[in-house]
Amino acid sequence: MSKAEDVKAAAAVARAGLQVPDDQGLTPKSVVELLDKYIVGQRDAKKAVAIALRNRWRRQRLESPLREEVVPKNILMIGPTGCGKTEIARRLAKLADAPFVKVEATKFTEVGFHGRDVDEIIRDLVDASIVLTKSKLRSQAKAQVADSVEKQLLDVLTGTGADSSTRETFRKLLRSGDLDERNIEVDVPVSGMPGAGQRVDGGPGNQMSLQEVVLKVDKLFNRRGTERRKMKVSEARPLLEEVEMEKVLNSDMVMKDALKAAEQDGIVFIDEIDKIVTNPDGHRGADASSEGVQQDLLPIIEGSTVSTKHGNVNTDHILFIASGAFHNCKPSDMLAELQGRLPIRVELKGLTKNDLYRILTEPEHNMVKQQIALMSTEGVQLVFTDDAIREITSVAAEVNRSVDNIGARRLHTILERVLEQISFEAPEKARASSLGGEECIYVVDKDDIQNRVGDLLEKMDLSKFIL
């Protein structure tokens, strides 16, 4: 067989084993494009998380036992404060619709010390997964629950023996809201709260043990009885929907799905990991939040089983993204084993003045748009001139450079200061303008910015002379 024939044969074998998915999911390119709508720059970091997300999608389409062998490539983001590290991870979790938890490495202590141990990270992830799973199930069951409640209301309004024509007439009236004010009698759950006159003690002269009290209180708070009550259709509908939703949200099923989602789709973002890294040239003390925490992180990042009150969670396939500024140490100062568990490294660049301008103007829901939308709720039309926006970015960049560099967070500080008085006066100004038959318009220009935040620059200049 010739070389060309060998290539053709190999290609045929490859095609035979190739899985062509029906659902293409989020491709790395599309993930980056979506992230670009919210985050300016940092393309290397976006590509890294996009590939990590796609690899998870790919792994879930492999056959067992190969699927179990493929582990996520955890990521270490290195970059200054406020450059977008946390936002990238948070947006990624939203895109993936996955359980997500953000923790700060400095909040944890070595096992045996007073404080939180690292296993709490996984327990927090499970809690987040339960909330997300319930939300998904509620969304999926919404139509089913609505149909069931509509049937129950029609049974009450027309009787179970009504013909289809009558029921259809009432169905149209019910859906249009014409029956919302009609009073009906429905069975609703009895309130679980202890009612007037109910006691949780043993009564006069009777002492109950603590266990008996706890059991009785628990019984009072978890009764499953119903009572017939008269109420309007508009009041009955949400109560009946909640009853039906509880039937759908079987607790065992929720827990099972939530644990699986945490294990297979969970994303953990560990911020300020550099704060638990000791510079080898500096003082090495018995710091309970330093090397010991690194040691404790090793097993959960590499893959282990963590016990939670909802069941055991295997961390083999949870994606870990760690981040830090690493001003006073280097990533190579971390424990070698921990470095090995964060194989993908991306460096995020500090924000320039132009980046800050783009952050204020380019993202889909940028800060300026948010402020304009907030003021519009008061009937105030807020307008920023381009010169004003550029002045905000100039001040932010200069203060970041000369005082503390907090990145894009500086923009929030300046915007709030600029708009403080406008925000305070907005309701009264809008009302006065409305009474006068005029629109309430505030135009924020360059002079407004200088008047409101110019003292920041003055204080910054004076700080040079403070010994």
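**Pockets and helix packing**

Reply: With 5 residues, α5 gives the most to the lining of the largest pocket; helices (H or I, at least four residues) and strands (E, at least two) are DSSP runs, numbered from the N terminus. This is a predicted model, in which local features need pLDDT of at least 70 and side-chain atom pairs count only at pLDDT 80 or more, while totals for chains, interfaces and linings use all residues. Residues are numbered from 1 along each chain as its sequence is written, and side-chain values use heavy atoms, with hydrogens and water left out.

Me: What volume does the largest pocket have, and which residues are closest to its centre?
Reply: Its volume is about 830 Å³, and of the 36 lining residues the closest to the centre are Gly82, Cys83, Gly84, Glu87 and Arg409. On a 1 Å grid over the protein atoms alone, a pocket is an open set of points where a 1.4 Å probe fits, with protein on both sides within 12 Å along at least five of seven lines, and lining residues have an atom within 4 Å of a point. Grid points are joined across faces, edges and corners, and a volume is the space filled by probe spheres set on the points.

Me: Which elements supply at least two residues each to that lining?
Reply: Those are α5 (85-96), β2 (100-104), α14 (367-376) and α16 (409-435).

Me: And the second largest pocket, which helix gives the most there?
Reply: That is α10, with 5 residues, while α3 (43-59), α5 and α6 are also among the elements that each supply at least two. About 550 Å³ of space lies in this pocket, and Gln60, Ala96, Asp97, Lys136 and Asp265 lie nearest its centre among 22 lining residues.

Me: Switching to packing, how do α6 and α10 cross?
Reply: The axes of α6 (residues 119-158) and α10 (residues 251-265) come within 8 Å and cross at roughly 120°, which makes α6 oblique to α10. Axes are lines fitted to C-alpha atoms, for helices over the stretch in contact, and angles run from 0 to 180 degrees between N-to-C directions; under 35 degrees counts as roughly parallel, over 145 as roughly antiparallel, 65 to 115 as roughly perpendicular and the rest as oblique.

Me: What about α6 with α9?
Reply: Helix α9 (residues 233-248) packs against α6 at an angle of about 130°, with the axes 9 Å apart, and the two are therefore oblique to each other.
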